[in-house]
Amino acid sequence: MNPRLINIIKYALSLSLLTWLIIRTDLQGVFDLWPDADLQDIAVALTMYLISVVIIAYRWQILLVAKQVPMAIRRAISLYFIGNFFTNFLPTSIGGDAVRAYSAGADMDNRMDAFASVFIERFIGLFSIVFLALLGLLLVALQLEQTYIVPLTIVLFITNAAVFPILFSRWCVDWFQPVLLRITMFDIGCRATRLHEVLYKYGEHRQALIANFLLSILYQGLIVVMNIFAARALHIDVPAVYFIVFVPIIGIVSMFPFSVNAIGFREGGYIFLFDRIGFPSTEALALSLTLYSITVVSSLPGGLLFAFQRNRNKSAGQTTSPKAAMEDSSREHAGS
């Protein structure tokens, strides 16, 4: 599909959904919450998010080091901020993950391993989100005596855990390879086969995978704290236990690919979940937009880091333009 058409679809879906949510919400009520916001709590929420970026950068570095890729933690943090900047300010087909993977690939001189490290990092992150969401649902289900959720959460967890043998067992790799190789269009089958082989080798580094899972749990905990302080700043009195449930669920919703930075879908998630516990949509929308503003502000250093990196590349005599490099990384990411 044409990348330009994909971008049009993303903008149309996000803006249409956000407009619909705003129409159904008392927008003046949202504006009324912001002037009285506690700036100290906002600062704490921003600090929690900045710390969380360092945590997930370290999570990614652990995977690279496990493959004997000597990437310094400072470089990993820098690439994460640059990726976040691209995600928030250049929401095109050039995603933040593609930027990180391309830059790491240039450092490693091995794009496949770089993309594999980003894929594994994101997959472990997704698994931790589902894990926490299920635990949170169980907690709330028992508290509200809605025990019918218990078997559902168990089934979802087992389904998610079933992906691990597909990635890390030799027999799955051997079974999938002939199937993938039948896909000859744009050489997708060969690329997918090579990527699967690289992903499989990460199974040999169990300590790195376990560390990634634990750091992902810590990351989600920081995002929960960020939500709690942002809600406090707006004087929204939501019990903290609900954020343990809501944050992972909204994190999953925010992964919807056909949107611009999950705009509209994230807000819809907050409004829907807040409505379940009797809180008005005005508070949910105000909180969601506040949290999004914090993530956008926190990604601003990434623009400076990217500009510095581009100038350094120019001074080193590299002729490839950043735009061409990022477009190339996007095509590589799509192909893999």
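Visitor: Which residues in H3 meet which residues in H14?

Guide: This is a predicted model, in which local features need pLDDT of at least 70, side-chain atom pairs count only at pLDDT 80 or more, and totals for chains, interfaces and linings use all residues. Residues are numbered from 1 along each chain as its sequence is written, and side-chain values use heavy atoms, with hydrogens and water left out. Helices are DSSP runs (H or I, at least four residues) numbered from the N terminus, and contact means heavy atoms within 4.5 Å. On the H3 side are Ile-42, Ala-45, Leu-46, Tyr-49 and Leu-50, and they meet Thr-290, Ile-294, Thr-295 and Ser-298 in H14.

Visitor: How do the residues of the contact of H3 with H14 divide into nonpolar, polar and charged?

Guide: Ala, Val, Leu, Ile, Met, Phe, Trp, Tyr, Cys and Pro count as nonpolar, Asp, Glu, Lys and Arg as charged, and the others, Gly among them, as polar. For the contact of H3 with H14, the division is six nonpolar, three polar and no charged.

Visitor: At what angle do helix H3 and helix H14 pack?

Guide: Axes are lines fitted to C-alpha atoms, for helices over the stretch in contact, and angles run from 0 to 180 degrees between N-to-C directions. The axes of H3 (residues 39-66) and H14 (residues 281-298) are 10 Å apart, and the packing angle is about 55 degrees. H3 is therefore oblique to H14, since angles under 35 degrees count as roughly parallel, over 145 as roughly antiparallel, 65 to 115 as roughly perpendicular and the rest as oblique.

Visitor: Which residue forms a salt bridge with Arg-59?

Guide: A salt bridge is a side-chain nitrogen of Lys or Arg within 4 Å of a carboxyl oxygen of Asp or Glu. The partner of Arg-59, with the closest N and O atoms 2.9 Å apart, is Glu-121. The pair links distant parts of the chain, 62 residues apart: Arg-59 lies in helix H3, and in helix H6 (residues 111-143) lies Glu-121.

Visitor: Is Arg-59 buried or exposed?

Guide: Buried means under 20% relative accessible area, exposed over 50%, and partly exposed in between (1.4 Å probe, protein chains only). Glu-121 has 0% relative accessibility and so counts as buried. With a relative accessible area of 3%, Arg-59 is buried.

Visitor: Which residues does Phe-258 touch, not counting residues up to four places away in sequence?

Guide: Phe-258 is in the loop between helix H12 (240-253) and helix H13 (265-276), and a relative accessible area of 36% makes Phe-258 partly exposed. Phe-258 and Leu-13 are 245 residues apart in sequence but 7.4 Å apart in space, C-alpha to C-alpha. The residues touched by Phe-258 are Ile-6, Ile-9, Lys-10, Leu-13 and Phe-265.

Visitor: What is phi of His-235?

Guide: Most residues other than glycine have a negative phi. His-235 is in the loop between helix H11 (206-233) and H12, and 54% relative accessibility makes His-235 exposed. Its phi is positive, near 60 degrees.

Key: Helix = DSSP H or I, 4+ residues; strand = E, 2+ residues; numbered from the N terminus.
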